[in-house]
Amino acid sequence: MKIHWYPGHIAKAERALKEQLKRVDVVLEVRDARIPLATYHPQMPSWVGGKARVLVINRMDMIAPRAREAWETWFEAQGETAYFTNAEHGQGVDAVADAVQNAGVQLNKRRFDRGMLPRPVRAVVMGFPNVGKSALINRLLGRRVVDSARRAGVTKSLRWIRISDEIELLDAPGVIPTRINNQENAIKLAICEDIGEAAYDNQVVAAAMVDLLQGLEAADETLISLSGFKSRYKLDAASSNGEDYLHEVAKDKYKGDVERTARQMLNDFRTGVLGQLTLELPPA
């Protein structure tokens, strides 16, 4: 299975975004805490250029606290400050707002030094589809102004929003590479629903999810536990490979309906029913 997803609205919005970036002072790069490496866009450095950048790792509630700590340590070792958030419930958002505010202070200090009047800092929220950009904007503003849902492709056009007298924010649709060359990353994006469902086969992705999590648990069982699978489906996920496990659960719980089982298993992961599970561990 080759996963490829690049809908027309993303291509159109990306062209418009490149034009708007000329007006932007700060880039808020939002990634998915379950896959912080797979949701890194390779063009981000060229988009950011010399602008200030705030790295936001959203959905921190979906991964175990120990996994979050491991990622924080790893980002620090790379010389980066990662702001972990749960935008849906507002956790960590104040620190992000402070970081943007601080960037605005630095911006206007430079303007003052050049004899220019102060102005609001212009920030853009960027990242893959469905990583929580709109939920973050709503929390920063303190009220719901943009549509937010747990699926890819909700935001389809660019829109400037005044957050306060000091901050203007550009809400942009999710951006994704025109071609995902790393198919392991593509599988992770599909598992997390960070690409459209039409791009993949649910059964293949669900089986791959089990295989991936088995490997991660074997690598570090202090950060990953598949106990949620056993409590949910009454079958030990460590007992067989992903495809066999999918079929066993289908036979035992869903009258042999493998497609229904795959959809349910993916939904259980996405809603946290199977526990706090990351699909990536920090590189050694």
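Mentor: Two strands pair if DSSP finds at least two bridges between them, and the strands themselves (E, at least two residues), like the helices (H or I, at least four residues), are DSSP runs numbered from the N terminus. This is a predicted model, in which local features need pLDDT of at least 70 and side-chain atom pairs count only at pLDDT 80 or more, while totals for chains, interfaces and linings use all residues. Residues are numbered from 1 along each chain as its sequence is written, and side-chain values use heavy atoms, with hydrogens and water left out.

Trainee: In which sense do strand S5 and S6 pair, and over how many bridges?

Mentor: Strands of a sheet pair through backbone hydrogen bonds, either parallel or antiparallel. Here S5 (residues 159-162) is joined to S6 by four bridges in the antiparallel sense, with arginine 162 having glutamate 168 as its bridge partner in S6, and the two strands form a hairpin with four residues between them. S6 also has five bridges to strand S4 (residues 121-127), and these two run parallel; aspartate 171 of S6 is the bridge partner of valine 125.

Trainee: In what order do the six strands of the open sheet stand?

Mentor: The order is S3-S2-S1-S4-S6-S5, with mixed pairing. Strand S3 (82-85) and S5 are at the edges and have a single partner strand each, so one side of each is left without a neighbour in the sheet. From one strand to the next the twist averages 25°, angles being taken from 0 to 180 degrees between the N-to-C directions of axes that are lines fitted to C-alpha atoms, for helices over the stretch in contact. S1 and S2 run parallel and are joined by seven bridges, with valine 30 having valine 56 as its bridge partner in S2.

Trainee: Which residues point one way from S6 and which the other way?

Mentor: In a regular strand the side chains alternate between the two faces of the sheet. In S6, Glu168 and Leu170 point one way, and Ile167, Leu169 and Asp171 the other way. Five of the five residues of S6 (residues 167-171) are buried, where buried means under 20% relative accessible area, exposed over 50%, and partly exposed in between (1.4 Å probe, protein chains only).

Trainee: How many residues of helix H5 are buried, and what do those residues pack against?

Mentor: Eight of the nine residues of H5 (residues 133-141) are buried, so the helix is largely enclosed by the rest of the structure; among them are Ala135, Leu136, Ile137 and Leu140. They pack against strand S1 (26-32), strand S2 (52-58), helix H4 (93-113), S4, S5 and S6, contact meaning heavy atoms within 4.5 Å. After H5 comes glycine 142, which has a positive phi near 90°.

Trainee: What covers the buried residues of helix H6?

Mentor: The cover includes H7 and helix H10 (258-270). H6 (residues 183-191) has eight of its nine residues buried, so this helix too is largely enclosed. At its start, a side-chain oxygen of asparagine 182 comes within 3.0 Å of the backbone nitrogen of glutamate 184, and just after H6, glutamate 193 has a positive phi of about 65°.

Trainee: How many residues has the largest nonpolar core, and which have the most contacts inside it?

Mentor: In soluble globular proteins, nonpolar side chains tend to be buried together. A nonpolar core is a set of buried Ala, Val, Leu, Ile, Met, Phe, Trp, Tyr and Cys residues joined through side-chain atoms within 4.5 Å. The largest core has 69 residues, and those with the most contacts inside it are Leu28, Leu136, Ile191, Ile195, Leu213, Phe229 and Met265. Helix H7 (residues 202-219) gives the most to this core, with seven residues. A second, separate core has twelve residues, including Leu17 and Met126. Apart from neighbours within four places in sequence, methionine 265 has contacts that include Met209, Phe229, Tyr245 and Leu274.

Trainee: How far apart are the ring centres of tryptophan 71 and phenylalanine 75?

Mentor: A pair of aromatic rings is described by the distance of the centres and the angle of the planes. Rings of Phe, Tyr and Trp (its six-membered ring) pair if their centres lie within 6.5 Å, and planes under 30 degrees apart count as stacked, over 60 as edge-to-face and the rest as tilted. By this rule there are six aromatic pairs; in this one the centres are 5.9 Å apart and the planes at 35°, so the pair is tilted. Both residues lie in helix H3, four residues apart, and Trp71, Trp74 and Phe75 form one aromatic cluster. Tryptophan 71 is buried at a relative accessible area of 1%, and phenylalanine 75 counts as buried at 1% relative accessibility. H3 (residues 65-77) lies across S1, S2 and S3, running at about 160° to S3.

Definitions and conventions
A polar contact is a pair of N or O atoms within 3.5 Å; within protein, one must be able to donate a hydrogen and the other to accept it, and residues adjacent in sequence count only if both atoms are side-chain atoms.
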